[in-house]
Amino acid sequence: MIDLSQKKVEERYEYFINYLLESAAQIEKIKGENHSFTNIQKEFLLALEIQIKESRKQLEEAMKSTVWDNLVIAFFGETNAGKSTIIETFRILFEEETRNKEAIQQGHGIDGLIVGDGQVDFTKVYREYRFSINNKPFTLIDVPGIEGNEDDFKDEIKNALNKVHCVFYVHGHNKKPDTATAEKIKKYLEDWVNVYSIYNVRGGAENYDESEERISLLTEEVLKAETLMIETFKNILGDIYKGNIVVQALLAMCSKGNFSPKREDLLRKQDKLLKYFETAEILFEFSQFNKIIRLVDEKSENFKAEIIEANKQKLLS
């Protein structure tokens, strides 16, 4: 049975295509009196023919590629920005279906294996992770890094964007985002997918060994960097940019993770952080990760509207 949202989008595409076909028919009927008019008429008809083909192609993509039964969020970001750490935290919190539940029941640590160790830490293909939040399904997609020459991953990025309803761009540096990177996001997304930035504050356990460093994540330096991020993305992305969230993903993951023995580096960081913050609950609250959870929860509640809006903007463009 076809989804009502899907039917509505299909009807709007068909309406637009029929409008173009009727326009072409009307233009073809017009009789000109000279050669110049005939040339202009041919150019109009050719332009309409191209647009009709493109619209049919977009309709086919919208019907086949778009996910209609749950919210889909793509995570963009430069290498080492913290995308995988954020996604791993979601896997831990919401029991992502590919995690090894049997190993957890037997007390074996399994978390942290998708997170890079800083040596070879980049995503080559997009990966999908399925979850449920308050009985509402959603999917997160880890997209290859878009800094440098990402031509090798162009198809992977396109496949991801054909499915998504919004994008989370993860920025992991306390400086103004690279304008060229923001322009690339604009190029890939055009105007039909909403973008949220996530400023992932970097730092290890050693950054929180003093009590004054554990008062708030939102320090003056962090707030200043966030302001630069918001200005940059707003100027380049315009209305599709919907705002920023500040988190410390490593702290959030360490507050909840049951790390694999293979990840001695994460186990050491976790031990230190729990010692500094005293409880996992305080550590998680300090990380500000709940802000991302609330946003995903809100969007999962209204994902039908997200699907329709994304396709509407694609049609308008």
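Predicted model: local features only at pLDDT ≥ 70, side-chain atom pairs only at ≥ 80, totals over all residues.
**Entry 1**

I began with the strand order. Six strands form an open sheet, and the order reads S2-S3-S1-S4-S5-S6. The pairing is mixed. I looked up the edges next: S2 and S6 (241-247) each pair on one side only. From one strand to the next, the twist averages 25°.

Then I checked how S2 meets S3. The two strands run antiparallel, and seven bridges join them.

Which strands does H11 touch? I found contacts with S1 (71-77), S2, S3, S4, S5 and S6. The direction of H11 makes about 120° with that of S3.

I also looked at H7, residues 220-237. This helix lies across S4 (166-171), S5 (194-200) and S6. Against S6, H7 runs at about 160°.

**Entry 1: H3 against H11**

I wanted the geometry of this helix pair. Two packed helices are described by the angle between their axes and the distance between the axes. For H3 (residues 83-94) and H11 (residues 290-301), the axes come within 12 Å and cross at roughly 70°. Angles of 65 to 115 degrees count as roughly perpendicular, so H3 and H11 are roughly perpendicular to each other.

Which residues make the contact? From H3 I listed Ile-86, Phe-90, Leu-93 and Phe-94; from H11, Ile-292, Ile-293 and Val-296. By class, the contact has seven nonpolar residues, no polar ones and no charged ones.

**Entry 2: aromatic rings**

I searched the whole structure for aromatic pairs and got 14. I took Tyr-208 with Phe-277 as one to inspect. Their ring centres are 6.0 Å apart and their planes are at 55°, so the pair is tilted. The pair links distant parts of the chain, 69 residues apart. Tyr-208 sits in the loop between S5 and H7, while Phe-277 is in helix H9.

Are these two residues buried or exposed? Tyr-208 has a relative accessible area of 6% and is buried. Phe-277 is buried too, at 4%. The cut-off for buried is under 20%.

I followed Phe-277 to a further partner. Phe-277 and Phe-286 form a tilted pair, with 5.1 Å from centre to centre and 55° between the planes. Both of these Phe residues are buried.

I then turned to a cluster. Phe-90, Phe-94, Phe-131, Phe-138, Phe-284 and Phe-289 form one aromatic cluster.

**Entry 3: positive phi**

Most residues other than glycine have a negative phi. I noted two residues with a positive value.

Asn-134 has phi near 50°. Where does Asn-134 lie? I placed Asn-134 in the loop between S2 (127-133) and S3 (136-142). At 57% relative accessibility, Asn-134 counts as exposed, because exposed means over 50%.

Glu-278 has phi near 75°. I found Glu-278 in the loop between H9 (264-277) and H10 (280-287). Its relative accessibility is 66%, so Glu-278 also counts as exposed.

Note on methods: Residues numbered from 1 in each chain as written. Heavy atoms only, no water. Helix = DSSP H or I, 4+ residues; strand = E, 2+ residues; numbered from the N terminus. Buried < 20%, exposed > 50% of the residue type's maximum accessible area, 1.4 Å probe, protein only. Axes fitted to C-alpha atoms, helices over the stretch in contact; angles between N-to-C directions. Parallel < 35°, antiparallel > 145°, perpendicular 65-115°, else oblique. Contact = heavy atoms within 4.5 Å. Nonpolar A, V, L, I, M, F, W, Y, C, P; charged D, E, K, R; others polar. Pairing = 2+ DSSP bridges. Phe/Tyr/Trp six-rings, centres within 6.5 Å; stacked < 30°, edge-to-face > 60°.
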